[in-house]
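Colleague: I am new to reading models of proteins, and I would like to go through one slowly. Could we take it feature by feature?

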Amino acid sequence: MIIIKSKRELEAMKEAGKIVAGALEEVRKAIAPGITTVQLDQIAEEFILGQGATPAFKGYQGYPASICASLNDQVVHGIPGSTVLKEGDILSVDIGAFFDGYCGDAARTYPVGKVSPKALRLIEATKESFYKGLEFAREGYRLSDISHAIQTYVEERGYSVVKALVGHGIGQQMHEEPQIPNFGPPGRGPRLRQGMTLAIEPMVNEGTDQVRILDDGWTVVTQDGSLSAHYEHTIAITDGQPLILTQGE
Ligand code: MF3
Ligand code: CO
């Protein structure tokens, strides 16, 4: 069952979303050659706690940190550690927070210093694929119209969408129904209704869509070692334009 949120609940989700956006912004400002991913985790965690919110990932199914920091060929769920960022890397940062009982979840891929045009193109295409999907996040469409728009855009550019991981409904739980694949035929799945809140999150690989999990049990990497990028917002379906909840001010 997809849980429809009331106006009051959407307000709480907006607050949670603002905190997630703020945490991402703090991390973005700190990213530079020489910093470690565990330092970025600390920056995000302090920000979240300072806002009176709680990191959503820490302790989730045993996950040990407040952010996911996924470097280069790492797709998602990279565990922050002593890895030192260097010029030319790309880092996907995923952050979730609970505020007032509601969850916000968002991710971005950031360049470290000056990166190759090829890496920048991947980052841009991943972001743009989210916005292509978002065009269908409206009443009158079905869920898989979002999925289809993302896949079409990504594949037109010669990239692949990861299929082993999906976006999700979100609210009082980080993961609610429905699952939101970033691929598939249009016109399937539930009809979109005002008050649905969704985390739409394309994960895009330069090469094959195949992924594997490292021995740490979390880190998802591309099978062929090619670069991967991630872009995620928590959004709400309204009676008009979709509302991005994880937006800064
Ligand atoms: N954005 C990710 C998701 O929606 C975050 C989960 S990572 C975990 O699934 F560390 F919390 F597991
Ligand atoms: Co998510």
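Predicted model: local features only at pLDDT ≥ 70, side-chain atom pairs only at ≥ 80, totals over all residues.

Colleague: Which residues of H2 are buried, and why can they be said to lie on the same side of H2?

Modeller: For this we call a residue buried when its relative accessible area is under 20%, and exposed when it is over 50%. In H2 the buried residues are Thr37, Leu40, Asp41, Ala44, Glu45 and Ile48. They lie on the same side of H2 because they cover an arc of only 130 degrees around the axis. On the other side of H2, by contrast, Glu46 and Gly50 are exposed.

Colleague: What covers the buried residues of H2?

Modeller: The cover includes helix H1 (7–30) together with the strands S1 (54–55), S2 (67–71) and S4 (90–99). Just after H2 there is also a backbone detail to look for, as Gly52 takes a positive phi of about 80 degrees.

Colleague: Now to H3. Is Phe130 buried or exposed, and what does Phe130 touch?

Modeller: Phe130 sits in helix H3, residues 117–134, and is one of the buried residues there, along with others including Ala119, Leu122 and Ile123. With a relative accessible area of 0%, Phe130 counts as buried. To read its surroundings, we leave out residues up to four places away in sequence, and then Phe130 touches Ile200, Pro202, Tyr231, His233, Ile235 and Ile244. Separation in sequence and in space can also be set side by side: Phe130 and Ile150 are 20 residues apart in sequence, while their C-alpha atoms are 6.4 Å apart.

Colleague: His233 was in that list. Which side chain does His233 join in a polar contact?

Modeller: The side chains of His233 and Thr246 are joined by a polar contact of 2.8 Å. His233 belongs to strand S14 (residues 233–236) and is buried, with a relative accessible area of 1%. Its contacts beyond four places in sequence include Asp105, Phe130 and Tyr131.

Colleague: Where is Ser144 placed, and which backbone oxygen lies 2.7 Å from its side chain?

Modeller: Ser144 is in helix H4 (residues 143–156), and with a relative accessible area of 11% this residue is buried too. The backbone oxygen of Pro185 lies 2.7 Å from a polar atom of the Ser144 side chain. Pro185 is also among its contacts, which include Pro186, Gly187 and Arg188.

Colleague: Finally, how many residues surround ligand 1, and which are the closest?

Modeller: There are 13 residues around ligand 1, and the closest are Tyr63, Asp94, Asp105, His168 and His175. An oxygen atom of ligand 1 lies 2.9 Å from a polar side-chain atom of Asp105, and a polar side-chain atom of His168 is 2.7 Å from an oxygen atom of ligand 1. On the nitrogen side of the question, a nitrogen atom of ligand 1 is 3.3 Å from an N or O atom in the side chain of Glu232. Taken alone, ligand 1 exposes 330 Å², of which the protein buries 95%.

Notes: Residues numbered from 1 in each chain as written. Chains lettered and ligands numbered in written order. Heavy atoms only, no water. Buried < 20%, exposed > 50% of the residue type's maximum accessible area, 1.4 Å probe, protein only. Helix = DSSP H or I, 4+ residues; strand = E, 2+ residues; numbered from the N terminus. Arc of directions from axis to C-beta. Contact = heavy atoms within 4.5 Å. Near = heavy atom within 4 Å. Polar contact = N/O pair within 3.5 Å; in protein donor to acceptor, adjacent residues only side chain to side chain. Areas by Shrake-Rupley, 256 points an atom, 1.4 Å probe, with all protein chains shown as cover.
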